[in-house]
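Here's a quick tour of some charged pairs, followed by a stop at one helix. Have the model open and follow along.

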Amino acid sequence: MSENRKELPKHYNPDEIEKKWREFWLQEKLYHIEKPQKDKKFSVVLPPPNVTGSLHMGHAWNITIQDVIARYKRMDGKQVVWVPGFDHAGIATQFVVERKLWAENKTRFDLGREGMLKKIWEWVPVSRNAIRTQLQFLGGSVDWERERFTLDEGFSRAVRENFHRLYEDGLIYRGRYIVNWCPKDRTALSDLEVEYEEEPGKLWYIKYPVVDDEGKETGEYITVATTRPETMLGDTAVAVHPEDERYKHLIGKKLKLPLVAWERKDIDGNPVGYYIPIVADWRVKKDFGTGAVKITPAHDPNDFEIGKEHNLPIVVVMDETAHMNENAGEFKGLDRYVAREQIVERLQKLGLLEKEEDITHAVGHCYRCKTVIEPMVSEQWFVKTSDERLRKPATEVVEKDIVKFVPEFWKKHYLHWMYNLRDWCISRQIWWGHRIPVWYCQKCGHINVFSEKSFDNYLQKLIFNIFANQKMGQIFSTQEVIDYLKQSNFVHPEMTNAQFYQKFVFLQELDFLKDENLLRELIDKTYPKVPILKQNPSDSVIVGFPPHAIYSMRLNGWIPEEFTAEDVFNAYKEHEDFLTYTYGVVLNGVKRTEVFESVETVEDWLKAHATGEGCKNNRVLLNQIGDKYSIKPSLIEEVKYIVPLRCQECGSYHLKWDEDVLDTWFSSALWPFGVFGWPEITAEDIERVEKADNDSC
């Protein structure tokens with residue numbers, strides 16, 4: 001009996017014990033509930049940590065609290081679903097990878113968008129797996145079978161649909177606005193992404209000469225104070241309080257903008273001179289500084305608002321890297337701080353610098369790279385958070401104590417913030433993230449928003465999703481789709497992408513995702529065909545646009561098997577937009593469209609390329625049957641297809657996809673919904689709604 005006894009170790013060995021039970025929990029999937037019963041459901045979503053680094057004490061504290069709740073609810077008889085996952089952390093992740101490139105004296109622009117995204121996708125799993133291991137070491141009782149990622153196939157779909165719905169409801173718009181701009185990351189930042197630090201600085205007092213109607217200096221000056229003299233090159237007015245006795249007699253007169261002796265251009269390309277008006281505005285404080293304020297609408301948020309009210313031109317004087325642009329005249333090309341030094345020096349020499357003072361002021365920095373942000377006017381996308389449809393419900397629940405803050409003093413801060421909300425800039429000029437689902441028509445200028453809700457069936461939703469996730473181009477082959485679906489999924493490597501779509505995206509099994517031949521057949525029936533003709537390796541001249549266009553017309557059934565020049569001419573006129581756009585992409589531009597100018601020019605081309613005699617390269621690309629022609633199927637190297645996005649206004653295929661991506665928080669806010677399948681509606685959902693309707697009757 002004593003031989004079977006096992007003596008307990010004298011000291012607790014966490015490495016041995018915790019490793020054993022951690023692996024047991026994972027292998028046995030103890031915390032996985034495939035289909036929780038309706039009356040026993042209890043769900044929690046883990047606030048997704050960024051994939052950029054490692055967990056810290058804040059994460060540990062947060063996870064511990066959730067773990068206590070989850071375990072308590074299990075003991076109380078609930079079937080707990082606690083979903084883990086990770087956030088793609090747009091700016092932060094791109095910054096980490098860019099920093100690695102800088103060590104190699106490279107930038108993302110050296111790699112290009114596709115190359116940079118490939119580099120990030122290579123790095124993300126390494127960091128993600130390290131964080132996952134930390135979560136497992138913490139012992140959080142999450143359901144790893146349900147793990148998600150804010151850039152996975154299902155979540156990306158939810159983000160695009162949410163954008164689409166908000167746009168249709170008028171709660172998302174594109175507009176010109178002043179934003180926080182990071183010159184290093186070259187992207188806009190939200191107010192929450194700007195960190196203010198107290199720093200020593202200077203206040204320069206600059207004299208602006210008053211001029212008469214003929215532009216001659218009167219000998220009188222208005223002095224303005226600024227911490228950023230380099231922006232004066234973009235001044236379009238000086239504002240004073242309407243009741244300030246010092247300046248009342250000058251309101252409506254003009255000033256000569258110091259240093260500027262060149263014509264500037266506003267943001268719309270209109271000329272702007274160097275004589276600027278003195279305007280009256282109640283927002284100017286008489287007792288602050290000199291009581292006169294320089295107005296630079298392009299580079300200051302307050303000036304932007306004053307500029308709008310007084311209809312002032314917007315003159316941008318810096319580029320996206322914070323170097324001075326053409327509007328800066330002789331200072332063009334200089335870094336903003338170098339330009340500052342030279343401008344101050346010039347003002348001193350001209351006797352226009354009245355004085356300078358040492359000050360301490362709050363300076364905004366990018367929350368990631370710590371670069372000083374530059375207020376800039378640009379075209380951006382915004383959520384209309386100032387709209388009462390969004391603001392009112394969020395304030396009322398706090399005002400009525402339906403939602404309570406602990407400690408209570410945060411209630412005041414929250415309400416103050418909500419009452420003074422500015423519209424939320426959601427576009428970011430980076431490459432890593434959810435690309436904005438907007439396509440601009442190059443023909444009529446219409447803004448087109450597409451999401452999976454724009455398509456009728458699951459095949460179309462799948463193909464659009466793969467394209468919009470930038471896993472393939474708009475012009476694609478069936479093999480590309482099949483190869484992608486067979487790949488191991490990023491979030492759940494034990495699944496293929498096809499399996500992930502069924503389990504987490506469409507929430508159902510679909511025949512074409514399990515049958516390769518059926519998928520090929522459906523794609524061929526559904527999508528316009530884009531034949532690619534064989535190139536002769538010994539011939540330096542590629543097969544150009546006219547033959548590709550004719551082969552495309554034939555394969556899509558727009559001309560008969562044996563066709564005439566008139567058939568081709570008429571079909572081309574009907575489908576010119578499709579053909580020029582498609583092969584503009586395939587061939588990187590189209591040439592020789594004049595071939596299709598008339599029946600006669602088409603006939604000449606057909607004859608020349610049926611015999612090879614009239615072709616300078618002696619190519620025979622067609623068969624001739626009497627006065628008709630046919631294509632040579634053997635010349636087709638591959639048949640591709642196109643995701644058929646067309647302008648909702650004019651029907652053109654000539655659309656340009658927005659280059660920007662969405663602010664990470666736009667997707668993070670959807671986390672509790674997206675991880676449980678929104679916006680997909682299952683048969684069970686429909687049955688539950690119908691039952692509820694019947695019960696209410």
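R176 is partly exposed, with 31% of its relative accessible area; here buried means under 20% relative accessible area, exposed means over 50%, and partly exposed is in between (1.4 Å probe, protein chains only). Its partner is E379: the two side chains meet in a salt bridge at 3.9 Å, N to O. R176 sits in strand β5 (residues 172-182) and E379 in strand β16 (residues 374-383), so this pair ties together parts 203 residues apart in sequence. E379 counts as partly exposed too, at 37% relative accessibility.

A word on ground rules. This is a predicted model, where local features need pLDDT of at least 70 and side-chain atom pairs count only at pLDDT 80 or more, while totals for chains, interfaces and linings use all residues. Residues are numbered from 1 along each chain as its sequence is written, and side-chain values use heavy atoms, with hydrogens and water left out.

As for terms, a salt bridge is a side-chain nitrogen of Lys or Arg within 4 Å of a carboxyl oxygen of Asp or Glu. Helices (H or I, at least four residues) and strands (E, at least two) are DSSP runs, numbered from the N terminus.

How many salt bridges does a search of the whole structure find? The count is 48. Here are three of them:

| Pair | N to O distance |
|---|---|
| R160 and E452 | 3.0 Å |
| R176 and E379 | 3.9 Å |
| E345 and K349 | 3.6 Å |

E345 is partly exposed at 41% relative accessible area, while K349 counts as exposed at 65%.

There's also a network of salt bridges, which links R113, R435 and E659.

Now for the helix. α14 (residues 545-555) is mostly covered, with 9 of its 11 residues buried. Among them are F545, H548, I550, Y551 and M553. What do the buried residues of α14 pack against? The partners are β22 (529-533), α15 (565-586), α16 (599-611), β23 (622-625), β24 (628-631) and β25 (636-642), where contact means heavy atoms within 4.5 Å. After α14 comes G557, with a positive phi near 80 degrees.
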